[in-house]
Amino acid sequence: MKKPNLDELTPQQALKIAQYLFYGGLAMVLLMLFIGVIFDSVALMAVLGIIGLACMFGGGIFGNIYIRCPKCRGSLMPGGRLPGSLSTYCPHCGMRIP
């Protein structure tokens, strides 16, 4: 089986990975708050908080690097925000996004 290559990702695949990372990290941060209120465990809160924030930032950075137009390599993240869905056409060159 061929090993997946990050450079061969479509913008939709890259968006899905970035969203999983970002929202998974957000869930960890919320879990950290819940555990902190219920169990009062500062060490566990710190670990979950750091991992959650790292995933959130990682998702944003991954998206900024890989969610790009295949033709002109222009960013498909309007204003640097992680989009919920991609537009049909590239805002820079007008190419239809596959």
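The crossing of α1 and α2 is left-handed. That is in a predicted model, so keep this in mind throughout. Helix α1 covers residues 11–39, and helix α2 covers residues 42–66. Their axes come within 7 Å of each other. The crossing angle is roughly 160°. That makes the two helices, α1 and α2, roughly antiparallel, because an angle over 145 degrees counts as such. Why quote both an angle and a distance? Two packed helices are described by the angle between their axes and the distance between the axes.

Now the chain as a whole. The secondary structure comes to 2 helices and 0 strands. How does the radius of gyration look against a compact globule? For 98 residues, a compact globule would sit near 13 Å. This chain has 17 Å. The box tells you about the dimensions. Along the principal axes, the C-alpha atoms fill roughly 55 × 35 × 15 Å.

Next, burial and surface. Of the 98 residues, 27% count as buried. The accessible surface comes to about 6600 Å². Carbon and sulfur atoms own 68% of that surface. On contacts, take those with a separation of 6 or more. Residues 24 or more positions apart account for 51% of them.

Let me walk through some residues. Start in helix α1, with Ala18. Is Ala18 buried or exposed? Ala18 has 0% relative accessibility, and the cut-off for buried is under 20%, so Ala18 counts as buried. What does Ala18 touch, once residues up to four places away in sequence are set aside? The list is Gly59, Phe62, Gly63, Ile67 and Leu82. Then there is Pro83. Ala18 and Pro83 are 65 residues apart in sequence. In space, C-alpha to C-alpha, they are 9.8 Å apart.

Stay in helix α1 for Lys16. Lys16 has 46% relative accessibility, so Lys16 counts as partly exposed. Pair Lys16 with Ile51. The sequence gap is 35 residues, and the C-alpha to C-alpha distance is 20 Å.

Over to helix α2, where Asn64 lies. Asn64 is at 38% relative accessibility and counts as partly exposed. Which contacts does Asn64 make, leaving aside neighbours within four places in sequence? Ser75 and Met77. Asn64 and Met77 are 13 residues apart in sequence, and their C-alpha atoms are 7.0 Å apart.

Now the segment after α2. Lys71 is found there. Lys71 reaches 59% relative accessibility, and exposed means over 50%, so Lys71 counts as exposed. Lys71 still has contacts beyond its neighbours within four places in sequence: Cys93 and Met95. Where does Val42 sit relative to Lys71? The two are 29 residues apart in sequence and 48 Å apart in space, C-alpha to C-alpha.

Arg73 has its place in that segment after α2 too. Look at the backbone here. Arg73 has a positive phi of about 65°, although Arg73 is not a glycine. With a relative accessible area of 47%, Arg73 is partly exposed.

To wrap up, back to the helix pair. Helices α1 and α2 cross at roughly 160°, with axes within 7 Å. The crossing is left-handed.

How values were computed. Residues are numbered from 1 along each chain as its sequence is written. This is a predicted model: local features need pLDDT of at least 70, side-chain atom pairs count only at pLDDT 80 or more; totals for chains, interfaces and linings use all residues. Side-chain values use heavy atoms; hydrogens and water are left out. Helices (H or I, at least four residues) and strands (E, at least two) are DSSP runs, numbered from the N terminus. The radius of gyration is taken over C-alpha atoms; the globule rule is 2.2 Å times the number of residues to the power 0.38. Buried means under 20% relative accessible area, exposed over 50%, partly exposed in between (1.4 Å probe, protein chains only). Contact means heavy atoms within 4.5 Å. Accessible areas come from the Shrake-Rupley method with a 1.4 Å probe; for residues, only the protein chains shown count as cover. Axes are lines fitted to C-alpha atoms, for helices over the stretch in contact, and angles run from 0 to 180 degrees between N-to-C directions. Angles under 35 degrees count as roughly parallel, over 145 as roughly antiparallel, 65 to 115 as roughly perpendicular and the rest as oblique. A crossing is left-handed if the near helix is turned anticlockwise from the far one by less than a right angle, and right-handed if clockwise.
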